[in-house]
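Here are some notes to read alongside the model. Keep the viewer open and click along as you go.

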Amino acid sequence: MLLEYSQGLIKGGLYLRVLVTGGAGFIGSHIVDRLLRRADEVLVVDNMSKGTKSNLPSGVSLEEVDINDPSFLDIVGAFRPELITHCAAQTSVTVSMTDPLLDATTNIIGGINVCLGAVSCECSRIIYLSTGGALYG
C-alpha cells in the first residue's frame, strides 16, 4: 500500500525524514528505535524475509516490499526522504555460495535500486550498512 507522507516541523524543531531499508531486521530495527527517539519521521521498507514486525515499535510506518520491486521507487518518491539508511541485504554466506544470483540481485542490484530511489527524489544522503559476518564469513 502506498501511503501519503507529510513534511514539516514537530515539537517546534526540525526532524529528518528517514527511510530505513531492512528496518525490521536486527540491526535495522535498532536504528529505527534510535531515530524515533530523536523524533525523526521514519519509514521502514522491508520484504520481511528475515525481519519481523515484532522487532518494530508499534505505530512505525512499514511498507512490506522488496527493494527490487518496481513499487519501491514509488514509495521512495512519495516519502521523499532526506536520508536513506540501507540495511536490506542477503547476509548468509551459505546462500551466497548456493544461490549467487539471489545474492547479487539483492545486494548489488538492490543497492543500485536504493541509489536510484535517492536520485529520483533528490535525497543526497545514504548510509550503507554491511555486516562483518557476511563480509568476512
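1. Let's begin at Val 119, which sits in helix α4; helices here are DSSP runs of H or I with at least four residues, strands are E runs of at least two, and both are numbered from the N terminus. Val 119 is exposed, at 64% relative accessible area. The cut-offs are under 20% for buried, over 50% for exposed and partly exposed in between, with a 1.4 Å probe and protein chains only. Gly 77 is 42 residues away from Val 119 in sequence, yet their C-alpha atoms are 9.7 Å apart.

2. Before going further, a word on what you're looking at. This is a predicted model, in which local features need pLDDT of at least 70 and side-chain atom pairs count only at pLDDT 80 or more, while totals for chains, interfaces and linings use all residues. Numbering runs from 1 along each chain as its sequence is written, and side-chain values use heavy atoms, with hydrogens and water left out.

3. Now the overall layout. The protein chain has five helices and seven strands, and reading along the sequence gives β-β-β-α-β-β-α-β-α-α-β-α. Of its 137 residues, 38% are buried. Take the contacts (heavy atoms within 4.5 Å) between residues at least 6 apart in sequence: 66% of them join residues at least 24 apart. The exposed surface comes to about 7,900 Å², with carbon and sulfur atoms supplying 57% of it; that area is from the Shrake-Rupley method with a 1.4 Å probe, and for residues only the protein chains shown count as cover.

4. Which members of the largest nonpolar core touch the most other members? They are Leu 19, Leu 43, Val 45, Phe 72 and Ile 84, out of 15 residues. Helix α2 (71-79), helix α4 (100-120) and strand β4 (41-45) each give two or more residues to this core, and α2 has the largest share, with four. There is also a second, separate core of 13 residues, with Val 20, Val 32, Val 60 and Leu 83 among them. By "nonpolar core" I mean a set of buried Ala, Val, Leu, Ile, Met, Phe, Trp, Tyr and Cys residues joined through side-chain atoms within 4.5 Å. As background, nonpolar side chains tend to be buried together in soluble globular proteins.

5. Setting aside neighbours within four places in sequence, Val 45 is in contact with Leu 19, Val 20, Thr 21, Gly 22, Gly 23, Glu 63, Val 65, Phe 72 and Ile 75.

6. Next along is Asp 46, in the loop between β4 and β5. Is Asp 46 buried or exposed? Asp 46 counts as buried because its relative accessible area is 5%. Beyond its neighbours within four places, its contacts include Gly 22, Gly 23, Ala 24 and Gly 25, as well as Leu 62, Glu 63, Glu 64 and Val 65. Gly 28 lies 18 residues from Asp 46 in sequence and 9.6 Å from it, C-alpha to C-alpha.

7. Two backbone angles deserve a look. Met 48, in the loop between β4 and β5 (61-63), has a positive phi near 65° without being a glycine; this residue is buried, at 19% relative accessible area. Ala 39 also isn't a glycine and has a positive phi, of about 75°. Ala 39 is placed in the loop between α1 and β4 and counts as partly exposed, at 21%.

8. Leu 35 belongs to helix α1 and is buried, at 10% relative accessible area. Apart from neighbours within four places, Leu 35 is in contact with Val 18, Val 20, Asp 40 and Val 42. Its C-alpha is 9.7 Å from that of Tyr 15, 20 residues away along the chain.

9. Last, the largest pocket. Its lining has 33 residues, and Cys 87, Ala 88, Ala 89, Gln 90 and Thr 91 lie nearest the centre. Helices α1 (26-37), α3 (93-98), α4 and α5 (132-136) each supply at least two lining residues, with α4 giving the most, four. A pocket here is an open set of points on a 1 Å grid over the protein atoms alone, where a 1.4 Å probe fits, with protein on both sides within 12 Å along at least five of seven lines; lining residues have an atom within 4 Å of a point.
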